[in-house]
Amino acid sequence: MIKEGETIMRSFLRYTRVCDNIIRVNGLLGLTNEFFYLVIGRNAAAYIDTGYGFGDLNAFARQFTDLPLIVLNTHGHLDHAGGDFQFPRAYACREDWAMLLASYDDRAMNEKAQAALSGAGIWTEEDTVFAPPGAAPELLEIRDGDLFDLGGVTLEAITMPGHSPGCVSFLYREARILFSGDNCGPQPLIMLPAQGEGRGKYASCTLEVFSHSLHKLAAREGEFDRILNCHKAGELPMSCLHGVTDAVDGVLDGRYPGVPVAVMQGKITGVFSARGLDPEQVGKLPNSYIGDVVFAKDNLR
Ligand SMILES: [Zn+2]
């Protein structure tokens with residue numbers, strides 16, 4: 001029977017090695033729909049996001065490196081920053097700090113973990129704790145253009161307001177790899193409600209703001225060949241970035257009026273997909289990396 005929290009939590013992490021110094025991690029036996037990354041330089045290592053935080057992330061990293069570890073958040077959503085509480089400090093754009101502080105909620109995380117495990121027919125002891133009531137880390141600011149030098153690994157912050165106001169992608173300059181966060185994917189969401197509030201007040205920016213961010217990234221496209229992302233696929237074809245940009249611009253210029261969809265397992269309705277792709281199927285169907293966006297019609301400009 002499962003009893004010892006730490007051992008269980010560590011074993012709940014699943015990973016693949018992208019290359020010598022990049023580990024892609026997925027929490028909770030791969031049951032939760034998020035990826036985050038451990039990037040290792042000569043002098044330091046960085047987590048790019050911390051997932052939901054199910055599992056001992058310090059112990060996990062120590063399997064690969066003894067170097068000092070920093071935490072860089074792509075944005076403030078719970079499924080990316082949930083593990084920040086395990087560290088004394090975490091970097092994030094100031095625009096998402098309030099959301100981050102609201103995200104550090106151990107009760108929500110424990111419920112999510114238990115639901116995911118029981119949904120997969122895996123049962124743990126009643127007193128198994130996945131996320132102890134936690135201290136929030138000290139937040140440190142990320143600004144556009146900031147460089148994080150890990151020793152032979154330079155990560156440049158490229159701010160990308162859209163999916164959330166404080167979204168950022170990280171360009172690993174030497175390896176020509178973009179860690180996109182949720183700023184590029186099969187179907188970025190530009191309609192998420194603010195934490196704990198209705199859809200009337202957006203945590204996402206307008207579609208127009210997102211378009212500006214995508215064009216800013218497109219201008220840097222000559223600097224990367226690979227896109228490592230956080231949901232559904234661990235890696236995206238470069239064409240997906242073009243497809244997302246076209247979908248967003250197409251909604252704004254009227255080419256794509258949008259098809260009604262429901263997201264978050266049907267919990268959020270009244271939103272639209274530019275290309276009419278079913279959010280539940282994106283990532284499963286062969287054509288689903290053409291690049292799409294889910295948006296609300298009262299949140300275009
Ligand atoms: Zn997100």
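Two strands count as paired if DSSP finds at least two bridges between them. Strands (E, at least two residues) and helices (H or I, at least four) are DSSP runs, numbered from the N terminus. This is a predicted model, where local features need pLDDT of at least 70, side-chain atom pairs count only at pLDDT 80 or more, and totals for chains, interfaces and linings use all residues. Residues are numbered from 1 along each chain as its sequence is written.

Let's start with the open sheet: six strands in the order E8-E9-E10-E11-E13-E14, with mixed pairing. Strand E8 (147-149) and strand E14 (235-236) stand at the edges with a single partner strand each, so one side of each has no neighbour in the sheet. Further in, E10 (residues 168-172) and E11 (residues 177-181) run antiparallel, joined by three bridges, and Tyr 172 sits opposite Ile 177 of E11.

Now for helix H6 (residues 207-218). Its buried residues (20 or more other C-beta atoms within 10 Å of their own, with C-beta atoms placed from the backbone) are Leu 207, Phe 210, Ser 211, Ser 213, Leu 214 and Leu 217. They cover an arc of only 165 degrees around the axis (taken from the directions from the helix axis to the C-beta atoms), which puts them on the same side of H6.

Over to strand E2 (residues 22-26): four of its five residues are buried, so E2 is largely enclosed by the rest of the structure. E1 and E2 form a hairpin with two residues between them, and five bridges join this antiparallel pair. E2 also pairs with strand E3 (residues 36-40), antiparallel again, over four bridges; here Val 25 stands opposite Phe 36 of E3.

Note on methods:
Buried ≥ 20, exposed ≤ 12 C-beta atoms within 10 Å, placed from the backbone.
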